[in-house]
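Hi,

Here is the structure I promised to pass on. Have a look at it first, and my notes follow below.

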Amino acid sequence: MYDREQRFKMEDTMNAARIEYTEKGVMHMASRRCDIVRISMSSAILAILTQFTLPKQFYLDIPDARITKVGCMLMRVNTNNTIEVRFLRLLTQKEMNKIFVYSTHPAHRDYVLDVRA
């Protein structure tokens, strides 16, 4: 399935995010902080602050942009405390713009939020 999808261009960003997943069966929901380093409509690279084990599937929340419960699948764990994830649905252009508006990366300094949309 993933080999037939088109590739979207990854863009540098710096957003605070939260990884949510279930621990110990179904009852206990765990939450860990992370930073989004690069993002596209179909995938992202996340910088995690501490070393912890992640399940293969989890949710990603981006509280500043008010984007919740984006389903993710873990693709690769790198040695420099970054992970590569694949989204289970494509992010819309509106969601990408909201992420870039709230980014602290210097490349997104001139982005503005359209309140009419």
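Strand S6, residues 82–87, is largely enclosed by the rest of the structure, because five of its six residues are buried. Buried here means under 20% relative accessible area. Please keep in mind that this is a predicted model.

What pairs with S6? Strand S3, residues 43–48, pairs with S6 in the antiparallel sense, over five bridges. Within that pairing, Leu46 has Ile83 of S6 as its bridge partner. Strand S5, residues 67–77, also runs antiparallel to S6, and five bridges join the two. There, Arg86 in S6 has Met73 opposite. S5 and S6 make up a hairpin, with four residues between the strands.

Which residues lie nearest the centre of the largest pocket? They are Arg7, Ser42, Ser43, Glu84 and Arg86, out of twelve lining residues. By class, the lining consists of five nonpolar, four charged and three polar residues.

If you open the model on your side, Arg86 is a handy place to begin: Arg86 stands opposite Met73 and is among the residues nearest the pocket centre.

Best wishes

Definitions and conventions:
Residues numbered from 1 in each chain as written. Predicted model: local features only at pLDDT ≥ 70, side-chain atom pairs only at ≥ 80, totals over all residues. Heavy atoms only, no water. Buried < 20%, exposed > 50% of the residue type's maximum accessible area, 1.4 Å probe, protein only. Pairing = 2+ DSSP bridges. 1 Å grid on protein atoms, 1.4 Å probe; cavity = no way out; pocket = protein on both sides within 12 Å on 5 of 7 lines; lining within 4 Å. Nonpolar A, V, L, I, M, F, W, Y, C, P; charged D, E, K, R; others polar.
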